[in-house]
Amino acid sequence: MPADPTRTVVFFHAHPDDEAIFTGGTMALLAAAGWRVVLVLATAGEQGETSALVGPEVPLAVRRMGETARAAECLGAQRVEFLGYHDSGADAGGSAGGRPVGAFADAPVDEASARLAAILAEEQARALVSYDARGIYGHVDHIQVHRVGLAAAAAAAVPTVYESTVDREYLHFVETHLVVEATIATQPERRAARLGLSAVPLGLSTVEVDCTVDVRPVLPVKRRAMAAHASQIPESSSAMRLLDADFAAVYGYEWYARRGPLGPIDELV
């Protein structure tokens, strides 16, 4: 179904691959239903994992921007924009001292939200997707996405904001999940202790989740979009090694808290 430009949802993410992991199925379902899907990335993920796939002649940011373009095409996104901030890094913590110049976590909220609000206004967005107040798993860039997203939506008068999250009660059975691995990577004390999901401050409880989207009908699309981010999610990763049934159990649902009236994602539930 062709996208209707008067029906636009903007997805705002911190780093390349976040869009596929947390909201890829929702993006694909909305695109299939005729919504115009726009993806905005705060950073190009310069501080991500460097693998053998990325040679020294190719900057990681360039590689990840190309991966994002391929993933967005899989998911049906009509437009991809980068706000131009620097990835703050997984070990940046709460202090600006260890972060690179231009890190997104240190950007003034009014400045960053103005950049995003300009896109929202141009697109006449009906809804914005960002993150919950904890940034799903506590990464400083994810928390900044929450702050900037709320400010931008208010400035552009976007009626509905969906905050991407995970239902930590649903995921209690999960032994391997990319978000858990990312959480442990950002917290050295948990990494050293090899603590699992039960010890991770993750997402929201079931009662706090407003929309649970079953994305299993488009799971092959979501899996291809995740695989497009091969520098970060190689074939050897825990996610890509999962059998189809296990992949569906772990990545077959996407969760949101909602601010404002019912919107397009509610139509998918």
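**A cavity and a helix pair, term by term**

Mentor: By class, the largest cavity is lined by seven nonpolar, three polar and two charged residues, where Ala, Val, Leu, Ile, Met, Phe, Trp, Tyr, Cys and Pro count as nonpolar, Asp, Glu, Lys and Arg as charged, and the others, Gly among them, as polar. This is a predicted model, in which local features need pLDDT of at least 70 and side-chain atom pairs count only at pLDDT 80 or more, while totals for chains, interfaces and linings use all residues. Residues are numbered from 1 along each chain as its sequence is written, and side-chain values use heavy atoms, with hydrogens and water left out.

Trainee: Which residues of the lining lie nearest the centre of the largest cavity?

Mentor: Of its twelve lining residues, Ile21, Phe22, Val166, Tyr253 and Trp255 lie nearest the centre. Strand E7 gives the most to this lining, with three residues.

Trainee: Why are H3 and H4 called oblique to each other?

Mentor: Helix H3 (residues 109-123) and helix H4 (residues 140-155) pack at an angle of about 55°, with their axes 8 Å apart. Angles under 35 degrees count as roughly parallel, over 145 as roughly antiparallel, 65 to 115 as roughly perpendicular and the rest as oblique, and H3 and H4 are therefore oblique.

Trainee: What makes residues of H3 and H4 count as meeting?

Mentor: Contact means heavy atoms within 4.5 Å, and among the residues that meet are Val109, Leu116 and Leu120 in H3 and Gln144, Arg147 and Val148 in H4. The residues of this contact divide into ten nonpolar, three polar and one charged.

Note on methods:
Axes fitted to C-alpha atoms, helices over the stretch in contact; angles between N-to-C directions. Helix = DSSP H or I, 4+ residues; strand = E, 2+ residues; numbered from the N terminus. 1 Å grid on protein atoms, 1.4 Å probe; cavity = no way out; pocket = protein on both sides within 12 Å on 5 of 7 lines; lining within 4 Å.
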